[in-house]
Amino acid sequence: ELENSIRHAALLAGSDKRSLIQINDLPENILISSRIQPLSFRSLEEQILSNLRSLKFSHTAITLTAKALGDKNRSTITEYLRGIVFQALVEHHYDLDASAKYLAATEEPEVVDKVKAKIREYTGALVDMETLSVAAFKGLPKKYHSYLNHLFERIKTQGPPS
């Protein structure tokens, strides 16, 4: 029975063009009898933000986060943070204080101020670019490109968030 279930799960995975069987491919009776609980995974963005928060956005937080996440490249962490910052600004209607408090996940003034400084650093670099520039997108994960476009429109019409 188990062998047939595994074959069936492999067919399901193959039909979805996946090379790995997922828990959802297994029949319910196997899941119940073995008490397999689906694992919850955190996205890279959630891991980055969680690490930076735990380090209170210290001067070395990006480097330490890169190491904690499997010796990732420091610039990868920086570019994801830049995207997370752009997303937070757009989702908080360009309110610098609200965005900083959300990203910091604390009311501690020192931490919130560090996050505000990081937001200003990232948006200040955009203000220096007179037009939507390819350089602004370089290294930024694609999922954040739309937020960058929104931010450029905002800066063009109303100036940087303050």
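## The largest nonpolar core

Among the 37 residues of the largest nonpolar core, those that touch the most other members are Val-85, Phe-86, Leu-103, Ile-119, Leu-126 and Leu-148; such a core is a set of buried Ala, Val, Leu, Ile, Met, Phe, Trp, Tyr and Cys residues joined through side-chain atoms within 4.5 Å, where buried means under 20% relative accessible area, exposed over 50% and partly exposed in between, for a 1.4 Å probe and protein chains only. At least two residues of this core come from each of α3, α4 (61-68), α5, α6 (96-104), α7 (109-127), α8 and α9, and α5 gives the most, with nine residues. Helices here are DSSP runs (H or I, at least four residues), numbered from the N terminus.

Leu-148 is in contact (heavy atoms within 4.5 Å) with Phe-86, Leu-126, Ala-136, Phe-137 and Leu-140, once its neighbours within four places in sequence are left aside.

## Basis of the values

The model is predicted, and local features therefore need pLDDT of at least 70, side-chain atom pairs count only at pLDDT 80 or more, and totals for chains, interfaces and linings use all residues. Residues are numbered from 1 along each chain as its sequence is written, and side-chain values use heavy atoms, with hydrogens and water left out.

## Aromatic pairs

Two aromatic pairs are present in the structure; rings of Phe, Tyr and Trp (its six-membered ring) pair if their centres lie within 6.5 Å, and planes under 30 degrees apart count as stacked, over 60 as edge-to-face and the rest as tilted. The rings of Tyr-80 and Tyr-144 are edge-to-face because their planes stand at 90°, with the centres 6.4 Å apart. Since Tyr-80 belongs to helix α5 (residues 74-91) and Tyr-144 to the loop between α8 (134-137) and α9 (145-158), this pair ties together parts that are 64 residues apart in sequence.

Tyr-144 is buried, at a relative accessible area of 1%, and its ring also pairs with that of Tyr-147, where the centres are 6.4 Å apart and the planes at 45°, so this pair is tilted. Tyr-147 likewise counts as buried, at 18% relative accessibility, and Tyr-80, Tyr-144 and Tyr-147 form one aromatic cluster.

## A polar partner of Tyr-144

Glu-45, found in helix α3 (residues 44-54), counts as buried at 14% relative accessibility. Its side chain makes a polar contact with the side chain of Tyr-144 at 3.5 Å; the term denotes a pair of N or O atoms within 3.5 Å, of which, within protein, one must be able to donate a hydrogen and the other to accept it, while residues adjacent in sequence count only if both atoms are side-chain atoms. Not counting residues up to four places away in sequence, Glu-45 touches Tyr-80, Ile-84, Lys-143 and Tyr-144.
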